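Here is a short report on one protein model. Look over the sequence and the fold, then read on.

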Amino acid sequence: MALYYEQPLEITHGEGRHVWDAEGRRYLDFFGGILTTMTAHALPEVTKAVSEQAARIVHSSTLYLNRPMVELAERIAALSGIPDARVFFTASGTEANDAALLLATACRGSNQILAMRNSYHGRSFTTVGITGNRSWSPTSLSPLQTLYVHGGVRTRGPYAHLDDAAFTEGCVADLRDMLGQAGSGVAALIAEPVQGVGGFTSPPDGLYAAFREELKRHGILWISDEVQTGWGRTGDHFWGWQAHDAAGPPDMLTFAKGIGNGMSIGGVVARAEIMNCLDANSISTFGGSPITMAAARANLAHLLEHDLQGNARRVGGLLLERLRSAASRLGVVREVRGRGLMVGVELVDPRTGEPSPRAASLVLEAAREGGVLIGKGGGHSTPSVLRIAPPLSLTVSEAEAGAAVLETALRTAEAELA
Ligand code: PLP
């Protein structure tokens with residue numbers, strides 16, 4: 001079992017942006033349960049919605065309708081930007097991507113998929129099979145035939161030294177070559193607008209729009225994996241795809257994590273003509289469960305009413321600025337990057353300049369000691385990027401307190417490595 005810390009951490013409860021461990025210590029939660037606690041821990045509206053729904057009926061199956069599901073689907077369809085949108089609920093992000101891949105292959109009659117290098121889309125046989133990082137993929141026996149596209153990672157690989165325009169040009173030329181070799185059989189391209197597990201790295205704005213033009217010419221569907229980037233997390237946009245919106249909304253988007261504020265949820269939004277390709281496979285036992293739907297409906301209403309996207313933009317901007325200023329005095333940090341409340345700190349060994357998983361572990365331990373929980377990513381066997389993604393209701397004073405603890409933790413790691 002992969003636990004983050006040398007000494008396991010048992011969490012007993014949470015409130016707002018804080019959680020408590022079994023010894024009664026309080027932590028500022030800068031990872032939001034891997035981006036699932038989107039609004040706040042123990043948000044009263046969600047607690048009330050769950051307990052009221054539990055008292056009425058916990059589960060009825062998607063063979064029947066339930067009011068929270070219908071209302072949530074209507075709201076998500078309207079927010080998605082996808083015309084004539086339909087929503088299919090699942091119980092996780094993995095299943096949401098599985099469903100999207102199934103729809104794409106069924107609609108297009110092909111099992112060829114384009115995926116980004118360094119991507120992560122889930123842990124099922126199908127989604128592991130398309131992941132763009134071999135170390136996260138224990139098998140090469142994928143049911144899909146996957147072609148990997150450049151464009152996700154800017155800090156490594158052949159394009160590391162290029163500016164945005166030249167990088168975009170190089171990646172589009174690669175894609176063109178690939179499509180030339182693949183012929184007309186590719187069903188879809190799936191991409192995260194900001195790569196999450198891959199280390200909070202994003203392509204330059206406009207790269208995906210340039211890809212879209214190429215894909216449209218070949219009738220290839222675009223799936224935007226919004227499992228980490230949806231619901232305003234990136235601050236400037238409600239969906240990650242909107243940073244690349246020159247070519248319009250994707251054909252499908254997938255979501256999960258934060259919308260349930262911790263309840264198991266996922267889903268696909270697609271145009272009706274695509275969703276209808278799979279009428280016979282439209283039943284999920286737990287997708288659309290009344291209790292999950294009630295939680296998500298209350299959570300989404302809170303998020304919109306309190307403009308938490310705006311808060312993510314403002315407080316995320318401040319956090320980024322504080323961390324950049326701290327990093328400018330530290331050799332252990334290669335880059336601080338981010339959008340909204342999705343901030344990545346890429347670490348290197350100050351002696352060699354190479355990515356340093358050890359530095360990441362040292363910072364995680366020191367931050368825990370200082371009362372702040374963060375995540376790491378950027379490669380399964382080389383996780384050298386700190387991932388910071390607090391609930392979107394983070395306050396300015398919490399951001400400042402957390403940044404101060406992280407600065408101290410970075411200094412501790414730097415001294416240890418020297
Ligand atoms: N897609 C992305 C971008 C993710 O980050 C994840 C999980 O981290 C998934 C899909 C899989 O979601 P889940 O863990 O809910 O199955």
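## Paired strands

In which sense do E2 and strand E3 pair, and over how many bridges? E2 and E3 (residues 26–29) pair in the antiparallel sense, over 3 bridges. His 18 has Leu 28 in E3 as its bridge partner. The hairpin of E2 and E3 has 4 residues between the strands, and Gly 24 takes a positive phi near 90° there. Keep in mind that this model is predicted.

E2 (residues 18–21) also joins strand E1 (residues 11–15). These two run antiparallel, with 4 bridges. Gly 14 has Val 19 in E2 as its bridge partner. In this hairpin, 2 residues lie between the strands, and Gly 16 takes a positive phi near 60°.

## Around the ligand

The ligand is surrounded by 15 residues. The closest are Ser 92, Gly 93, Thr 94, Gly 122 and Val 227. Helix H4 (residues 93–108) gives the most to this shell, with 3 residues. By class, the shell holds 9 polar, 4 nonpolar and 2 charged residues.

## Helix H10

H10 covers residues 308–327. At 1.5 Å a residue, its 20 residues should span 28 Å; the end C-alpha atoms are 27 Å apart, so the two agree. Its buried residues include Leu 308, Val 315, Leu 319 and Leu 323. The buried residues of H10 pack against helices H9 and H12 and strands E11 and E12.

## The nonpolar core

The largest nonpolar core has 114 residues. Leu 103, Leu 189, Met 252 and Val 363 touch the most other members. H9 supplies the largest share of this core, 8 residues. Beyond its neighbours within four places in sequence, Leu 103 is in contact with residues including Met 252, Val 268 and Ile 274.

Technical notes:
Residues are numbered from 1 along each chain as its sequence is written. This is a predicted model: local features need pLDDT of at least 70, side-chain atom pairs count only at pLDDT 80 or more; totals for chains, interfaces and linings use all residues. A residue is near a molecule or strand if its C-beta atom, placed from the backbone, lies within 6 Å of it. Ala, Val, Leu, Ile, Met, Phe, Trp, Tyr, Cys and Pro count as nonpolar, Asp, Glu, Lys and Arg as charged, and the others, Gly among them, as polar. The expected span of a helix is 1.5 Å times one less than its number of residues. A residue is buried if 20 or more other C-beta atoms lie within 10 Å of its own, exposed if 12 or fewer, and partly exposed in between; C-beta atoms are placed from the backbone. Two residues are in contact if their C-beta atoms, placed from the backbone, lie within 7 Å. A nonpolar core is a set of buried Ala, Val, Leu, Ile, Met, Phe, Trp, Tyr and Cys residues joined through C-beta atoms within 7 Å. Two strands pair if DSSP finds at least two bridges between them.
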